[in-house]
Amino acid sequence: MSEVIEEIAPAPITPRPAATIEDPPTSMSRAASVARVPPLQIPAPTTAVNGDGGGGGGDQITLKTPKALTPKSRTPRFMTPIGSPVRRALKLTRLDPQDAWLPITESRNGNAYYAAFHTLCSGIGIQALILPVAFITLGWTWGIICMTLAFIWQLYTLYLLVQLHESAETGLRYCRYIQLCNASFGEKLAQFLALFPILYLSGGTCVALIVLGGSTAKMFFQIVCGPTCTVKSLTPAEWYLVFTVVASILSQLPNLNSIAGVSLVGAISAIGYSTLIWVVSLDKGKLPNVSYDPVKADKQYIHFFDVLNALGMIAFAFRGHNLILEIQATMPSSEKHPSRVPMWRGVQISYTLIALCIFPLAIVGYWAYGQKIPAQGGMFAALFGFHARDTSQFILGLASLFVIINALSSFQIYGMPMFDEMESHYTRRFKKPAPWWLRAIVRCMFTYGCYFMAVAIPFLGSVAGLLGGISLPVTLAYPCFMWIKMKKPKKYGISWGVNWVLGVVGMILSVMLIAAGLYVVIDTGIKVSFFKPQ
C-alpha cells in the first residue's frame, strides 16, 4: 500500500472575486502582487495514479504547489509546537543572565559522578548514627519495616524531583527547590509552606555540623595527644572556631561544581566512619544483658508520642531533597541528552551505597547495644562509651577524623543554597555578578553567623525528632503535590491516587511528629545550655 502525500498551499491572504482575475496588477506592491497571484497563473496540480485502478492497489496522489507562495516563518524552532520541550527549556534558561552569575548555576559541566559525590556526601550524615535509638521504641520488626518504607518513599519522591527539574509546560529548568515550589503552589503559599524547612535544612544543618565537627575535633585531639599528654586542650567554643575557620576557607570555592572534589572526599569519609563503627561493634559482640524488648510507657498516649518521636528520628536520617534540584542544575542538558538521565544514574549509585551504610548501622547497632544505646550521639557515642578501652586508638582516631572531614565537606554542600540566595539579592538589584571580595565577605558572614548560633544553642541536636517532623514535608510530601500540579496526571488514575495518598499521609505524619517532638521535649526535658557548649 503506497502512501498519500499532499502539499496544500495556504489560502491567499486577500481573496479576490473571480471577475477581477484578468485585471492587471498595475498599482500593487510586490508583496501584495505575490499574495494575489491569479489562480489561472498557478500550475495545475499534477496527479499521478499508480496501480490497477480500483482493483485493490493503493493510489499515490501528489499535489505540488510553488514554494514561493508559502511564507517562511521567522519564529525560532524551539518556540513552535514541534520544538522539543527540552530545547525550549535550554533556550529560555540561557536568557536569564542571573543563572550565569550565581554559584549553583554558574558552572554547568557536571555529570553523573559529580551528582553521586554530592548526593552521597549529603545523604550520609551523623543523623544516620541515631537510627538504632529509634529501635528502642519500635523494636526489631517495626523498626526495620519503618526504615525500609521510609527509604523507598524518599527514593520515590527523589525520582519525582529529578523528573520535575525540566518542565515541558513552561519551558523552564527549576534549578532550586523554592523555585519549583513557587511554580507549583504560588509564591505566597510556597513561602509559607517551604521557606522555613528549606532554610533549616541548609542553615540549621550547618549549625549542627559546627557543633558536631568541633566536639569531634576535641575528641580527636585527646586521642592523638594520649592520656599522659600535658598540653592543655582548647575549650569547646574554641574548637568550634577552629572548625569554622577551616569551613570558611573551603567556602570560598566559587560554585557547586567546584566542590565536587570536596564532596568526593566527604563521601569517602562518610562511608569510612559508618563502616568502621558498625564493623567494630559487630566484632566486639553484644553487650552483656542486652534487652531488645521495646520500651513502653505506663500510659498509652505517652507510648504513642514515643513511637512518633522514633519515626521522626528515622525521617530526620533521610534528608537532602532540598539539594537535589540544585545538584541537577549543575549539569548540561540537550534534546538528546537531558539532565535527568545522568542525574538519576548518579542518584542510583549514591543511594545504593547509602543503603549499604545506614541499614547495617541501624541493625548491627541495635543488635550490639539494644536498649543501652545512648540517646545522645547514638552509635558514635556508643563506640567511645563501651569500646574506648578495648579498641585500638588508631581506629578511634580514624573514625573521629572521618567524621570531621565529612562534616567539613557537608557544610559546603548545605551552605551553597544559602550562598546562592544571598548573592541573588545583589545580582537582582545591580544586574551584574557579585565581585569576588563581596562574595568572600558574604560567605564569611554566613559561616561565622552559624558559629555564633552553634555557641549560643549547642543543644540543637537534642531535638532531632522535632526537627525531623518540621523538615519531613520537603522530603516526603511536597514532591508528590508538585508532581500532581505540574504534570497533571489523569484524575483518579494510579499516579494521581498514589501521589495524593503519599502527600496527604506525609503532611499528617509531619503534624503528628511535630506534636510528638514537642511533647517529648517538654516531658523529658533537654539540657539547655545557652552559650555553654560542652
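Which residues lie nearest the centre of the second largest pocket? In this predicted model, they are R176, I178, Q179, E421 and R428. The lining of this pocket comprises 31 residues. Its volume is about 790 Å³. Helix α13 supplies the largest share, seven residues. By class, 14 lining residues are nonpolar, eight are polar and nine are charged.

Helix α6, which spans residues 187-225, also packs against helix α14, residues 436-456. Two packed helices are described by the angle between their axes and the distance between the axes. Here the axes come within 9 Å and cross at roughly 65°. The crossing of α6 and α14 is right-handed. On the α6 side, the contact is made by G203, C206, V207, I210 and V211. Helix α14 contributes F446, T447, C450, Y451, M453 and A454. Nine of the residues in this contact are nonpolar and two are polar. No charged residue takes part in the contact of α6 with α14.

Aromatic pairs were examined next. The structure holds 19 of them. One is formed by W140 and Y292. A pair of aromatic rings is described by the distance of the centres and the angle of the planes. For W140 and Y292, the centres are 5.7 Å apart and the planes make an angle of 50°, a tilted arrangement. W140 belongs to helix α4 (residues 131-164), whereas Y292 sits in the loop between α8 (260-284) and α9 (300-317), so the pair ties together parts that are 152 residues apart in sequence.

Technical notes. Residues are numbered from 1 along each chain as its sequence is written. This is a predicted model: local features need pLDDT of at least 70, side-chain atom pairs count only at pLDDT 80 or more; totals for chains, interfaces and linings use all residues. Side-chain values use heavy atoms; hydrogens and water are left out. Axes are lines fitted to C-alpha atoms, for helices over the stretch in contact, and angles run from 0 to 180 degrees between N-to-C directions. Helices (H or I, at least four residues) and strands (E, at least two) are DSSP runs, numbered from the N terminus. A crossing is left-handed if the near helix is turned anticlockwise from the far one by less than a right angle, and right-handed if clockwise. Contact means heavy atoms within 4.5 Å. Ala, Val, Leu, Ile, Met, Phe, Trp, Tyr, Cys and Pro count as nonpolar, Asp, Glu, Lys and Arg as charged, and the others, Gly among them, as polar. On a 1 Å grid over the protein atoms alone, a cavity is a set of points where a 1.4 Å probe fits but cannot get out, and a pocket is an open set with protein on both sides within 12 Å along at least five of seven lines; lining residues have an atom within 4 Å of a point. Grid points are joined across faces, edges and corners, and a volume is the space filled by probe spheres set on the points. Rings of Phe, Tyr and Trp (its six-membered ring) pair if their centres lie within 6.5 Å; planes under 30 degrees apart count as stacked, over 60 as edge-to-face and the rest as tilted.
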